[in-house]
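Me: Could you walk me through some local backbone details and one of the pockets here?
Reply: Happy to, just show me what you have.

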Amino acid sequence: MPPLHAYLLLSAALFAIGLAGALTRRHAILVLVGIELMLNAANLNFIAFWRYGARPEALTGVLFAMFSIGIAAAEAAVGLALIIAVYRHFRTTTVNDVNELRG
Amino acid sequence: METAFYVLAAVTVAGAVAAMALPRLVHCTLCLAVAFVGLAGHFLLLGAEFVSFAQVLVYVGAVAILVVFAMLLTRSADAPPAWVVSRPGLLGVGVAVLVFGCLAATVAGSGLAGREAPPAPEVTVKALGERLMAEYVVPLEVVGLLLTAALIGAVILALEDRAKGGT
């Protein structure tokens, strides 16, 4: 088995990549994709800490990761619906162009 | 095990970087699916088979497809490809590198470096189901309610506004 800190570093790298994407990309869908990557990095941490933790038979990490996946699915659905609504209103999905409060 | 970890880690990180850096949105979505599959492999390696399958079903199966549908509905696929070379773009990458540096320093200084895994626990779907139906039944119901509310909300948000004659 690889050591625990290898998983933690991988998860930190994924989080940083997602953060870089969410901060730099101009397209609303790609901002959402970056957020999904950050959520996945958190899931990897849940599972890694569960596997290397003191009482893995309690299954807490697995259940936490499953709830987290469910919440991420809800977040993706609402986020993409918002992007579609914004597109219908502004005719663009570039986040820099959506800068009016009253359309 | 070690080689499998490094191969999967390389696939995951490469997929994530490509998903965030490629100029065309369709390519980004495909690379995102690759990164999700790599993460599912990591979950398998760690012994959480059920989470791995849930990851494939929910992320590769549903979220990636949802992103493709959003792309289709907002006509983003034929948008001009955009590279990130602007000054605010570089600033964002700098912030992300800083965050990674802080996290990596914390992990290196946390004393977890030599931690070895305990013997693999038996994770059966039966055990998971029993936990979900006994101790975790309230969170399960709350997540179910949240998903229902989120999906109804998503439909209402994306519904065309016919009262105004449709914009």
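Predicted model: local features only at pLDDT ≥ 70, side-chain atom pairs only at ≥ 80, totals over all residues.

Me: Is A:Arg91 buried, partly exposed or exposed?
Reply: Buried means under 20% relative accessible area and exposed means over 50%. A:Arg91 has a relative accessibility of 49%, so it counts as partly exposed.

Me: And A:Leu59, which loop is that residue in?
Reply: A:Leu59 is not a glycine, yet its phi is positive, at about 65°. As for its place, A:Leu59 is found in chain A, in the loop between α2 (28–52) and α3.

Me: Is A:Leu59 buried or exposed?
Reply: The cut-off for buried is under 20% relative accessible area. A:Leu59 has a relative accessible area of 3%, so it is buried.

Me: Let's turn to the second largest pocket. Which residues are the closest to its centre?
Reply: The second largest pocket has a volume of about 300 Å³. Of the 18 residues that line this pocket, the closest to its centre are A:Leu80, A:Ala81, A:Ile84, B:Leu73 and B:Ala158.

Me: Which helix gives the most to the lining of the second largest pocket?
Reply: Three helices each supply at least two residues of the lining: α3 (60–90) of chain A, plus α3 (49–73) and α6 (137–158) of chain B. The one that gives the most, with six residues, is α3(A).

Me: How many residues of that lining are nonpolar, polar and charged?
Reply: Leu, Ala and Ile all count as nonpolar, and the residues closest to the pocket centre are of these kinds, A:Leu80 and B:Ala158 among them. Across the lining of the second largest pocket, the division is 13 nonpolar, one polar and four charged.

Me: Which domains of chain B each give at least three residues to the lining?
Reply: Chain B contributes to the lining through its α3 and α6. Seen by domain, at least three lining residues come from each of domain 1 (1–78) and domain 2 (124–167).

Me: What pattern does chain B follow along the sequence?
Reply: Chain B has six helices and zero strands. Read along the sequence, the pattern is α-α-α-α-α-α.

Me: How much of the accessible surface of chain B belongs to carbon and sulfur atoms?
Reply: Of the 167 residues of chain B, 32% count as buried. The accessible surface of this chain comes to about 9,800 Å², and the share belonging to carbon and sulfur atoms is 74%.

Conventions
Residues numbered from 1 in each chain as written. Chains lettered and ligands numbered in written order. Heavy atoms only, no water. 1 Å grid on protein atoms, 1.4 Å probe; cavity = no way out; pocket = protein on both sides within 12 Å on 5 of 7 lines; lining within 4 Å. Points joined across faces, edges and corners; volume = space filled by probe spheres on them. Helix = DSSP H or I, 4+ residues; strand = E, 2+ residues; numbered from the N terminus. Domains from an automatic or database assignment. Buried < 20%, exposed > 50% of the residue type's maximum accessible area, 1.4 Å probe, protein only. Areas by Shrake-Rupley, 256 points an atom, 1.4 Å probe, with all protein chains shown as cover.
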